[in-house]
Amino acid sequence: MKIFVGNVDGADTTPEELAALFAPYGTVMSCAVMKQFAFVHMRESAGAVRAIEALHGHELRPGRALVVEMSRPRPLNTWKIFVGNVSAACTSQELRSLFERRGRVIECDVVKVQPGSDVLFMPYFCWIHDCSCPVGNFEDRK
């Protein structure tokens, strides 16, 4: 079973550390850590369910509650588009409305910048579904 683990500090979290965190719930087959998320593969589905129930909201690092859920495949015919350099005053709903002019938006989330980061703007990303032109010019850019 593939488990998604969000809100991970990829610079400070190792696959071995995540494997040790998940091991009490079942056999961990592998772990892959990216910048802000990870995937944990567990052998048994019952162990994966126990791990999700126990570790969702767990703080691996102070102030960073993990998001632990069953991994879901990306829907077919979708694009994952990163939109950067967006004003911190722009809401995810405003960004969603802007992209819904081009197609159905499945998900639109704010990726939070870490305190003390050199990044001046909050990056956003969204998934666009059934869009004939996922990237284009928008008259009212934020």
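Over which residues does pLDDT stay under 50, with 10 contacts beyond four places in sequence? The answer is residues 137-142, where pLDDT is the predictor's confidence in each residue, from 0 to 100, and contact means heavy atoms within 4.5 Å. This is a predicted model, with local features needing pLDDT of at least 70 and side-chain atom pairs counting only at pLDDT 80 or more, while totals for chains, interfaces and linings use all residues. Residues are numbered from 1 along each chain as its sequence is written, and side-chain values use heavy atoms, leaving out hydrogens and water.

Averaged over the protein chain, pLDDT comes out at 78, with 74% of residues at 70 or more. Where pLDDT is low, the predicted coordinates should not be read in detail.

As for the fold, the protein chain has 3 helices and 9 strands, taken as DSSP runs (helices H or I, at least four residues; strands E, at least two) and numbered from the N terminus. Starting at that end, the order is β-α-β-β-α-β-β-β-β-α-β-β. Of the contacts between residues at least 6 apart in sequence, 61% join residues at least 24 apart.

Buried residues (under 20% relative accessible area, 1.4 Å probe, protein chains only) account for 32% of the 142 residues. In helix α3 (residues 92-99), they are Leu95, Leu98 and Phe99. Viewed down the axis of α3, these buried residues fall within an arc of 90 degrees, so they line one face of the helix; the arc is that of the directions from the helix axis to the C-beta atoms.

Definitions and conventions: Buried < 20%, exposed > 50% of the residue type's maximum accessible area, 1.4 Å probe, protein only.
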